[in-house]
Amino acid sequence: MKKTIIFLLLCACSMIAKADPPTKYYIVSASNGVGYVVIQTTNIGITTSQTTSPGVTESWTNTAPGGYYTNPSGQFSYGAYWSDPTLFTPVTIQVLSGYTATVYNANSGSQSVRIGLAFTKPNGTETFFYGPSVTVGYGQTATASVPAGAYTYTAALPIASGEIYPTPMRIFLTYGD
């Protein structure tokens, strides 16, 4: 009997503690080129999770239409969260594995390139994740893997100069190794 009452109390507390849908948004920016090689298209999955109260973690995934990239550079996608992150209400932004980008070499000899993710920390420094290098020949396309990566914020998300919304993450093309 005691176990049943405790279980019912836990269920009731969990239902009461559930957060409303997220009301704050952030931008994922993108830069698409390195030399004459550009990202033509890519699609990534972005999941945001946040502890909203003790024992309750909410999650939000950008499913559609966001996350699909076509030139030019700029705002690529967006994510959502519930409140400004703190030590007690951290926000984790995660790019899921299994996504690819089509890269195109418009006007140069073969180039080795790769896709990168950069998470900007509140202090302005960045944490990087890189996919494997691919070689794309002149006038050709190639498929580049988008790296999976995540970062947990325990302070306000950084806002880039000239932006209204936080810009904690960017996707970019860089030279391969």
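Tutor: Let's begin with strand S3 and strand S9 (residues 100–105), which run antiparallel and are joined by 5 bridges. This is a predicted model, where local features need pLDDT of at least 70 and side-chain atom pairs count only at pLDDT 80 or more, while totals for chains, interfaces and linings use all residues. Residues are numbered from 1 along each chain as its sequence is written, and side-chain values use heavy atoms, with hydrogens and water left out.

Student: What makes S3 and S9 a pair?

Tutor: Two strands pair if DSSP finds at least two bridges between them; S3 and S9 have 5 bridges, so they pair. In one of these, isoleucine 39 has valine 103 of S9 as its bridge partner.

Student: Why do strand S2 (residues 33–34) and strand S3 (residues 37–43) count as paired?

Tutor: They have 2 bridges, and at least two is what the definition asks, so they pair as well. Their sense is antiparallel. Valine 34 has valine 37 in S3 as its bridge partner. The hairpin has 2 residues between the strands, and glycine 35 there takes a positive phi near 65°. Strands themselves are DSSP runs (E, at least two residues), numbered from the N terminus.

Student: Why is methionine 169 called buried?

Tutor: Buried means under 20% relative accessible area, exposed over 50%, and partly exposed in between (1.4 Å probe, protein chains only). Methionine 169 has 1% relative accessibility, so it counts as buried. This residue lies in strand S15 (residues 169–175).

Student: What does the side chain of glutamine 50 reach at 3.1 Å?

Tutor: It reaches the backbone oxygen of threonine 89.

Student: What is the pLDDT over residues 5–16?

Tutor: pLDDT is the predictor's confidence in each residue, from 0 to 100. Over residues 5–16 it stays under 50, and the model has 0 contacts there beyond four places in sequence. Over residues 64–69 the pLDDT is below 50 too, with 20 contacts beyond near neighbours in sequence. Where pLDDT is low, the predicted coordinates should not be read in detail. For the protein, the mean pLDDT is 82, and 82% of residues reach 70 or more.

Note on methods. Contact = heavy atoms within 4.5 Å. Helix = DSSP H or I, 4+ residues; strand = E, 2+ residues; numbered from the N terminus. Polar contact = N/O pair within 3.5 Å; in protein donor to acceptor, adjacent residues only side chain to side chain.
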